[in-house]
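I've opened my notebook to jot down a few side-chain contacts. Sequence and structure go in here before my notes start.

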Amino acid sequence: MTKTSAAAAGKSGKIDVNVRARISDNRWVPVVHAHLLLMQPSDAQVKQLQLLNEDKGTPEEARKMMAAWPVLRPTHTGPNGHARFDGLEIGTYYVVFNNATPFDKDFMRFNRVDILATDTRGETEFLLDPPFRLEPVFFANGDNQDRPHGLVGDTVWVSVAHSVAGQGNPMEGMYYVPEPPLQSQALKGVKSSMRLNATGATEVAVNVYMAALEADGVTPDPNDAAHYRASEPIIVDEGSATQVSGTITTQASRTEAEFRPVLAHWTLIRNSADALSFNTYKLFIDHLFCNDAGGDVPEFERSRFDEKERAFRLLEKRRTLPFSDSDSYRVLKAATEAFVMVNCGVLRTPYAFRPQEDADYLDRRDLPGDRKLEDELVKRYLTSLDPKTRILPYLALIRSKLPDVRIHMDHKDHHDAELCAGFIRDRLVNPCMMELIWSYWQEEGMLVQTMNAITRRFQNVRSLAHGNGPDPLANMEVDMLRPLNNLLWGYVQDEQHRLSVVRRNYEYDHHYGIHLDGRAVRDFRPADSRSKFVEAFHNLLRQLMPFYRQDDDTTVKADAFPILNALKEVHLILSQGAHNQFGDLPSTARIEMLMQQWMLARPEFREFLPTRLMVAHPEPWMDRVDAMKKVQGWSDTSIAHFRDLAMFGEQLLLSIRYTHWSDVYDPTEAFAWARFWRPQAQGYMHAYRAVTGVDLTSEVANPKLEATMPSVLLRQRLEAMPRSA
């Protein structure tokens with residue numbers, strides 16, 4: 001279907017192209033990212049195609065013949081299904097729709113457009129009539145309800161059905177991606193489902209993808225697909241009241257919580273955070289270098305030791321240092337990178353589930369634990385990215401905002417560099433889940449400062465803080481016969497390749513609006529700060545306390561709406577800071593600080609740091625930091641509290657950042673979140689009071705004090721310490 005309109009003469013010819021698809025009798029929608037080719041075949045080539053049509057050749061033969069036509073330029077339609085070819089000379093052109101449409105056997109996919117001297121603007125349109133329709137069916141308690149409207153609490157199952165005999169569903173070169181909150185329940189998105197949580201008119205939607213065709217005009221290209229949004233309106237009514245008769249008895253019991261598939265993801269976050277802990281890291285290093293794989297390691301973690309060792313062997317060949325006699329430090333650095341690289345991928349298989357321990361944890365939280373979490377994760381929670389891959393609903397929502405951006409396929413060697421424009425597939429499928437707040441609290445706890453003091457003394461540099469008096473580490477002598485001596489040598493030599501305190505400080509502010517306080521970070525001038533994070537996060541924690549008091553009262557059903565709203569606020573702030581260095585700096589900081597902890601845990605430090613043996617620190621490096629604080633006259637707050645803030649804060653923020661809270665309106669999920677993360681939330685609040693003196697559990701709020709930056713509170717406590725001694 002082609003027409004022309006008058007325009008200025010000269011080389012100003014243009015062709016406007018629109019591509020639409022029918023989704024019901026009178027509803028047409030734009031086809032986005034349709035692959036269009038502008039061609040100008042010779043008269044002989046056109047004649048050859050006409051002869052083929054007269055001989056009743058097949059569409060496949062025609063497409064192969066058209067593939068030999070000269071392509072002037074390709075383009076794609078935009079979000080409105082429109083594209084334009086401009087700067088054209090007078091002549092005859094052919095616009096080819098180059099995407100798979102196996103449902104339309106007679107569709108030749110090309111239109112002729114004539115650009116004349118007097119009519120230099122051409123318009124053409126491709127109208128697709130796919131035989132696909134969405135069929136919603138409402139289920140309650142697993143039974144088909146066979147009714148036109150759904151009720152609150154029902155589950156709607158949506159099938160993509162077509163009426164082409166002899167063809168599979170989906171057809172060759174096509175697949176479907178359900179639009180959240182629909183979650184795919186079958187291969188290639190043929191079936192999907194969601195729970196109905198609110199009354200009113202809504203719709204269910206599925207994106208239908210049609211692969212572009214390769215140069216032969218027949219073979220689908222899975223990396224380049226057009227798509228359109230097929231939707232179906234549904235109506236959700238209130239559930240009908242159930243008549244109750246007979247003898248009624250009552251019993252006070254704790255409010256029952258509904259199982260939510262997201263519990264499987266939170267369980268992975270909790271278990272993976274444990275797998276990234278120092279004690280697990282030390283066991284891996286001992287396994288790698290000391291032939292000692294003892295210790296209590298979960299089965300999923302022990303099975304990853306071989307994978308981490310393979311990653312280490314690859315990295316060991318790639319990571320080099322331009323310093324002599326630094327191999328010990330170099331291999332430790334490569335091994336630590338391999339450990340973090342494997343363990344930070346929460347969605348890496350085998351999944352970090354511990355069936356018995358996970359069920360016990362859910363039971364203690366009064367959450368249903370009778371489901372197989374791996375099945376719930378894969379079948380009900382994760383969303384389809386493509387026919388073979390499932391990703392987090394939050395990342396699927398981000399992906400759906402940019403459907404025209406291609407996703408790179410995996411390299412044969414996963415260490416190859418990604419240089420092409422588009423999304424990096426591995427970061428969508430298996431993002432590295434770590435929070436920089438872990439590094440922030442370790443740094444506030446004086447971990448980095450302790451290592452800096454040791455390396456200065458190692459280089460025979462006097463501590464500036466003690467003037468001309470004796471250096472607190474005057475007795476530190478690491479003899480050349482110990483492995484620690486060479487490790488410290490490599491560590492000192494590699495200083496120029498590590499993150500500086502200034503670099504980390506700017507990123508703390510970019511992620512969370514918090515920063516360090518001291519001489520090393522003066523003249524702090526950030527470009528973008530999350531200034532409302534501390535206030536929003538502490539408001540969330542404060543909302544939890546009345547909820548827990550209500551939840552513990554068996555006569556009251558706790559209200560989770562305030563928690564849901566607070567979660568949405570924190571999620572929004574966190575997502576705003578997930579840019580620039582977000583993808584790489586947290587993992588780099590974690591690698592460097594794990595190495596610092598491992599070196600501090602070395603037994604050689606017992607000889608010149610007077611540690612207190614009877615204090616049961618959970619990790620062997622911690623008493624070294626507390627001893628350094630005592631020697632240097634720093635804060636007398638134990639590193640144990642800072643470690644708790646780092647550990648609990650990371651788990652809480654990961655569960656907020658990577659859950660699609662912006663799309664949740666039912667407080668059921670917030671109710672489950674508050675119960676699931678109760679130990680971490682209350683542990684964080686206790687540690688925060690021990691470190692800063694601010695009690696977030698108090699019934700009397702102090703908004704100004706609670707919104708004060710932690711580093712300011714720490715400095716005030718440090719300044720007051722001598723006066724109260």
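**Entry 1: the disulfide**
I looked up the S-S torsion between C344 and C432, and it comes out at about -125°, so this disulfide is left-handed. I'm working with a predicted model, by the way. The two sulfur atoms are 2.0 Å apart. I searched the whole structure for disulfides and got one.

Where do C344 and C432 lie? I found C344 in the loop between α6 (327-343) and α7 (355-364), while C432 is in the loop between α10 (425-429) and α11 (437-444), so the pair ties together parts that are 88 residues apart in sequence.

Next I checked accessibility. C344 has 4% relative accessibility, so I put it down as buried. C432 is at 32%, so I wrote partly exposed for that one.

**Entry 2: aromatic rings**
My search of the whole structure turned up 29 aromatic pairs. I picked out Y440 and W441: their ring centres are 5.0 Å apart and their planes sit at 70°, so I noted the pair as edge-to-face. Are these residues buried or exposed? Y440 is buried, at 0% relative accessibility, and W441 is buried too, at 1%.

**Entry 3: charges over rings**
I noted two arginines here. The charged end of R678 sits over the ring of Y548, 4.3 Å from the ring centre. R365 lies over the face of Y361, and I wrote down 5.2 Å to that ring's centre.

Key
Residues numbered from 1 in each chain as written. Predicted model: local features only at pLDDT ≥ 70, side-chain atom pairs only at ≥ 80, totals over all residues. Heavy atoms only, no water. Phe/Tyr/Trp six-rings, centres within 6.5 Å; stacked < 30°, edge-to-face > 60°. Buried < 20%, exposed > 50% of the residue type's maximum accessible area, 1.4 Å probe, protein only. Lys NZ or Arg CZ within 6 Å of the ring centre and 35° of its normal. Disulfide = S-S within 2.5 Å. Helix = DSSP H or I, 4+ residues; strand = E, 2+ residues; numbered from the N terminus.
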